[in-house]
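Here is a short briefing on a protein model. The sequence and structure come first, and the notes follow by topic.

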Amino acid sequence: MQYLLLIYVSESDESKMDKSTLEAVHAEYGTFTQGIIQGGQFKGGERLRPVATASTVRIRNGKTVITDGPFAETREQLGGFYMIEAKNLDEATAIAARIPGARHGSIEVRPIWPMS
Amino acid sequence: MTQHAEAQTAVATATAEAVFRQEAGRVLATLIRLIGDFELAEEARQEAFTAALEQWPIKGIPENPRAWLVDVGRNKAIDFIRRQALFRSKYPDLEMSAVEQAAAAPNEDEADDAAFGDDRLRLIFTCCHPALNIEAQVALTLRAICGLSTEAVARAFLVGEETMAQRLVRAKKKIRDAGIPYETPPPHLLDERIAGALAAVYLVFSEGYAVTSGENLIREDLCSEAIRLGRLLDALLPNRAAIQGLLALMLLHDARRKARVTASGDIVLLEDQDHTLWNWPQIEEGLALVERALRIKGKVSPYTVQAAIAALHARAPRESATDWPQIVGLYEVLLHIQPSPVVELNHAVAVSMVDGPARALNLLDSLAARGGIDDYHLLSAARAKLLQRLGRKEEALAAYRAALKSARLEPERRLLTRRIAEFDKQPARD
């Protein structure tokens with residue numbers, strides 16, 4: 001099965017990290033990513049720019065409306081994702097638990113709905 | 001039909017029903033393993049049972065009814081998947097390989113008790129998977145493992161049948177779509193998953209033993225199902241302290257069932273219970289289990305400690321001969337490994353039996369001062385009793401009234417009302 005692992009972390013906490021901490025976190029992500037590539041579970045994954053750079057698109061009454069945001073009042077924001085292949089939910093959650101962000105943020109594990 | 005044939009049919013029908021009641025959980029567990037889909041396995045089991053009701057009265061009861069039910073159920077499921085594969089509507093993700101897998105499984109496997117045991121264990125872990133909420137875990141377990149009808153599960157938890165049916169459908173859908181496995185957890189997850197399954201079992205028992213609202217104090221059916229689940233877990237995963245501890249705890253509490261309530265549904269407190277009404281064989285079983293659980297090496301389980309406390313109460317020949325110092329000690333262990341306001345409350349009550357009411361009242365006041373359980377009627381009732389023992393009548397009366405205000409269970413309300421009424425008969429001590 002395929003799962004999308006959504007990494008939610010606090011942008012404000014991350015912005016307060018000093019340079020050496022950030023480098024250490026980056027290195028950890030690198031090690032984790034290499035691990036799941038070698039394990040054959042990696043299908044894709046990216047880091048996202050902060051919510052401040054986000055735009056939202058809606059079509060209302062046939063008109064395309066583009067707005068700044070979203071700026072929902074949440075403590076944690078979507079900061080990145082991995083797409084993985086796992087045997088079942090136990091394997092997927094075990095991989096999610098290895099993501100460095102799981103220690104201070106949270107990882108949402110969503111099964112992919114296969115198109116047939 | 002002759003009278004003889006009619007009688008034979010009736011016997012076969014009754015046997016089929018008895019077999020079904022007994023084997024429902026096992027047959028479903030095995031069908032889920034073979035088919036890999038909860039709902040389809042349930043349908044297949046239902047069809048197998050219908051076929052049994054038709055065929056057994058005519059052809060006689062098969063030598064191994066369970067294997068027969070699994071076999072018929074599996075074939076029904078294979079037919080169903082083949083039909084669906086043609087239309088690809090309801091189960092688009094079930095591939096023909098599932099059919100091959102189900103068809104390839106050898107028959108002698110199904111006759112093997114050990115294999116059935118493993119299937120039920122797998123299913124318990126699926127039903128009690130942490131990715132399902134606790135209500136769903138409990139409902140699925142009662143439905144799939146205990147074989148209770150959806151209507152019975154709904155009644156047990158005081159929700160409508162439709163609501164319960166939806167809860168079960170959602171849970172089964174999540175199992176399928178999120179890929180919750182039908183597997184005994186790997187060793188590094190086993191203890192944690194056992195703890196999860198035990199929490200669900202204990203919730204069933206607690207709901208049966210002290211329902212949280214309404215007219216009846218005890219729901220015996222739920223207590224019995226919880227004990228059945230505890231026995232099953234103990235048989236499938238022997239020599240696990242937490243399982244034996246919980247089973248012992250449930251056996252010892254449940255053994256006092258008949259003595260806890262009067263014929264008119266009023267509460268009888270432990271100190272007033274008639275010990276001859278206790279289920280002594282069950283107490284003996286519970287006591288032996290506590291001993292065994294305590295001897296198992298490793299971290300002590302909170303269930304075992306609670307069972308040991310229940311064992312001391314059961315061993316006391318009369319209330320006044322209770323080993324309170326040891327009970328206080330056990331509550332202190334419990335405060336250390338699983339602290340909670342309820343444990344603090346029970347600890348304070350035990351302290352009052354060793355060091356007197358004044359020290360216990362201090363403990364309760366400190367608990368109340370930390371807040372969070374202001375409307376907890378048991379706290380008010382315990383305070384009232386201590387105040388009464390200290391001769392502080394007015395405060396005791398006020399505490400009983402506070403307890404009555406927050407108690408929701410009818411028998412508890414009647415008990416508190418009786419306590420308040422008793423004040424008028426007592427001579428003032430202060």
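**Interface and fold at a glance**

Two salt bridges are counted between chain B and chain A; a salt bridge here is a side-chain nitrogen of Lys or Arg within 4 Å of a carboxyl oxygen of Asp or Glu. This is a predicted model, where local features need pLDDT of at least 70, side-chain atom pairs count only at pLDDT 80 or more, and totals for chains, interfaces and linings use all residues. Residues are numbered from 1 along each chain as its sequence is written, chains are lettered from A and ligands numbered from 1 in the order in which they are written, and side-chain values use heavy atoms, with hydrogens and water left out.

**Where chain B meets chain A**

- Lys87(A) forms a salt bridge with Glu183(B). Their closest N and O atoms are 3.6 Å apart.
- On the side of chain B that touches chain A, five residues are nonpolar, two polar and four charged. Ala, Val, Leu, Ile, Met, Phe, Trp, Tyr, Cys and Pro count as nonpolar, Asp, Glu, Lys and Arg as charged, and the others, Gly among them, as polar.
- Chain B gives 11 residues to the contact and chain A gives eight, with contact meaning heavy atoms within 4.5 Å.
- About 730 Å² is buried between the two chains, and carbon and sulfur atoms give 53% of this area. Buried area is the accessible area (1.4 Å probe) that two parts lose on being put together, summed over both.
- In chain B, the most area is lost to chain A by Ala178(B), Gly179(B) and Pro181(B). Together they make up 41% of what that side buries.

**Chain A: layout**

- Chain A has three helices and six strands. These are DSSP runs (helices H or I, at least four residues; strands E, at least two), numbered from the N terminus.
- The order from the N terminus is β-α-α-β-β-β-β-α-β.
- The C-alpha trace of chain A spans about 45 × 45 × 20 Å along its principal axes.

**Chain A: hairpin and loops**

- Strands β3 (residues 55-60) and β4 (residues 63-68) of chain A pair antiparallel over six bridges. Pairing requires that DSSP finds at least two bridges between the strands.
- Arg58(A) faces Val65(A) in β4(A) across this pairing.
- Two residues lie between the strands of the hairpin. Asn61(A) is in that loop between β3 and β4, and its phi is positive, near 50 degrees, in a residue other than glycine.
- The peptide bond from Gly69(A) to Pro70(A) is cis, with omega near 15 degrees. Pro70(A) sits in the loop between β4 and β5 (77-85) of chain A.

**Aromatic pairs**

- Six aromatic pairs are counted over all chains. Rings of Phe, Tyr and Trp (its six-membered ring) pair if their centres lie within 6.5 Å; planes under 30 degrees apart count as stacked, over 60 as edge-to-face and the rest as tilted.
- Tyr202(B) and Tyr303(B) form an edge-to-face pair, 5.5 Å centre to centre with 80 degrees between the planes.
- This pair links distant parts of the chain, 101 residues apart. Tyr202(B) is in helix α10 (residues 187-209) and Tyr303(B) in helix α15 (residues 302-315) of chain B.
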